[in-house]
Every structure is written in structure tokens, then in C-alpha cells.
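Here is a chain to look at.

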Amino acid sequence: MSLNKYLSGLTAVCMAAFALSVHAAPASKFSSSPVRPAIAAIPTPQFKSYREWKTEKVNSAQMKVTLIRGQIQTQKTGRRAASGTDPNLARGKSMEAVAAHNISVEALERQLSEEQYDLEVAKDLSVTDYFAGYLTKVSDKKAAFKEVAGKLSPEEVAELMNAYANSVFGAHASDLPASATNTSKEAGR
């Protein structure tokens, strides 16, 4: 490598490093006047909505299914490619390589079956599952409940209220007496 190419490369690296340090450095380091943001800070949501949570669960399960299907396909393709040679000579082991391939494919197929079941479960997750499996496990429950309350649809709120009624009263909401569901001011008189 010539000296000119080396120096030009080194110059480019130094310029990039300087540009990054200027970008990452606090504004006060390069200017004497304080920098104020043009727009007030918009609070970013800390907690996932029901739809975000469920979509994440479904996508994660779908990725696992796709990954395992790819692994099975790779194993089967590798087995077909190796079928023209003696697997015992290629492996040099006492156990047959084809049998090991079959075991591996069978294990992957069992795992695929489990992941497909998990995908179906993820698709059926309800707002009650979201509440029990996500919201109750966050550290600041009060803030989470407050933030998520505005994100729920009326149907999701109704499902949560029904689950709450079932847990508190030990009955289905439709089985509750009229006095338990009457919330008007006249009911208390």
C-alpha cells in the first residue's frame, strides 16, 4: 500500500471521528450561548399498548416458526446432498450420520410443532392476558395503568371490567344481581 493511500485513508478516518465527536459532544462545548430545544419535550410512551404487546408476541412466535422451518429445510437439503456418499466414511464415527440427521430433523419437527402451538396461543391473547401477563409485571403499575387506559378500545375496557367483576364477585358479570350493576345515584338512596 502506498503512503498516499495510507495517509488519505487515515485523514478520512480522522475527519469521520471528529465529525462524530462534534455531533455527540454537548452544545456548551462548542458555543457560548445556551441551546434551547425548539419544541417542548414530548413524553414518549413507556408502556406497550395491548395491540403493540400482542403484535410483538405474534411476530416473535411467527419468527420462531419461520426459523425452525428453515432449519428443517436446511437439514433435509443437506441429507439429500449427502445421500450420494457413504455417510459413515464422511463422518468417520461409529454411529451412522444419516441416523443423526433423522434425529435432528425429528427434534426440529417436534420443536416446530411446539412453536406453532405457541403462535396460535399468541394469536388468541386477550386484553385480560395483556393485563395479567404484562401490565401487572411492570415496576410502576400506576403510571402504566394511567398511560394505557387511554389506549384501550371500548371492547377491551369491557373485557377487562368483565374479568374484574368475575374475580371480585366470583360470578360472570351477566349473573350479577341488578343491585351490583346499578351505579346510578338513585341506587344508593
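A salt bridge is a side-chain nitrogen of Lys or Arg within 4 Å of a carboxyl oxygen of Asp or Glu. This is a predicted model, in which local features need pLDDT of at least 70, side-chain atom pairs count only at pLDDT 80 or more, and totals for chains, interfaces and linings use all residues. Residues are numbered from 1 along each chain as its sequence is written, and side-chain values use heavy atoms, with hydrogens and water left out.

Q: What makes Lys151 and Glu147 a salt bridge?
A: Their closest N and O atoms are 3.3 Å apart. The cut-off is within 4 Å, so the pair qualifies.

Q: Why is Lys151 called partly exposed?
A: Buried means under 20% relative accessible area, exposed means over 50%, and partly exposed lies in between (1.4 Å probe, protein chains only). Lys151 has 25% relative accessibility, so Lys151 counts as partly exposed. Glu147 is also partly exposed, with a relative accessible area of 23%.

Q: How many salt bridges does a search of the whole structure find?
A: The search finds five. One of them joins Lys48 and Glu56, with the closest N and O atoms 2.9 Å apart. Lys48 is partly exposed at 27% relative accessible area, and Glu56 is partly exposed at 39%.

Q: What makes Lys123 and Glu120 a salt bridge?
A: The closest N and O atoms are 3.8 Å apart. That is within 4 Å, so the pair counts.

Q: Why are Lys123 and Glu120 separated by about one helical turn?
A: Because they are three residues apart in helix H4. Helices are DSSP runs (H or I, at least four residues), strands are DSSP runs too (E, at least two), and both are numbered from the N terminus. Lys123 is partly exposed, with a relative accessible area of 39%. Glu120 is partly exposed at 43%.

Q: How many helices and strands does the protein chain have?
A: The secondary structure comes to eight helices and zero strands. From the N terminus on, the elements run α-α-α-α-α-α-α-α.

Q: Why is Glu156 called buried?
A: Glu156 has a relative accessible area of 8%. Glu156 lies in helix H7. Contact means heavy atoms within 4.5 Å. Leaving aside neighbours within four places in sequence, Glu156 is in contact with Tyr50, Arg51, Val127 and Lys151.

Q: Why is Tyr164 called exposed?
A: Tyr164 has a relative accessible area of 56%. Exposed means over 50%, so Tyr164 passes. Tyr164 is in helix H7, residues 154-169.

Q: Which residues make the nonpolar surface patch of about 330 Å²?
A: Tyr164, Val168 and Phe169 make this patch. Patches are made of residues with over 30% relative accessible area and no salt bridge; like charges are joined within 9 Å, nonpolar side chains (Val, Leu, Ile, Met, Phe, Trp, Tyr) within 5 Å. Accessible areas come from the Shrake-Rupley method with a 1.4 Å probe; for residues, only the protein chains shown count as cover.

Q: What makes the aromatic pair of Trp53 and Tyr130 tilted?
A: Rings of Phe, Tyr and Trp (its six-membered ring) pair if their centres lie within 6.5 Å; planes under 30 degrees apart count as stacked, over 60 as edge-to-face and the rest as tilted. Trp53 and Tyr130 are 5.5 Å centre to centre, with 55° between the planes, so this pair is tilted. The pair links distant parts of the chain: Trp53 in helix H2 and Tyr130 in helix H5, 77 residues apart. Both Trp53 and Tyr130 are buried.

Q: Why are the rings of Phe131 and Phe145 called stacked?
A: Their centres are 5.4 Å apart and their planes are at 20°, so the pair is stacked. Phe131 is in helix H5 and Phe145 in helix H6, 14 residues apart. Phe131 is partly exposed, with a relative accessible area of 30%, and Phe145 is partly exposed at 33%.

Q: Which residues touch the most other members of the largest nonpolar core?
A: Tyr130, Tyr134 and Leu152 do, in a core of 23 residues. A nonpolar core is a set of buried Ala, Val, Leu, Ile, Met, Phe, Trp, Tyr and Cys residues joined through side-chain atoms within 4.5 Å. The largest share of this core, seven residues, comes from H2.
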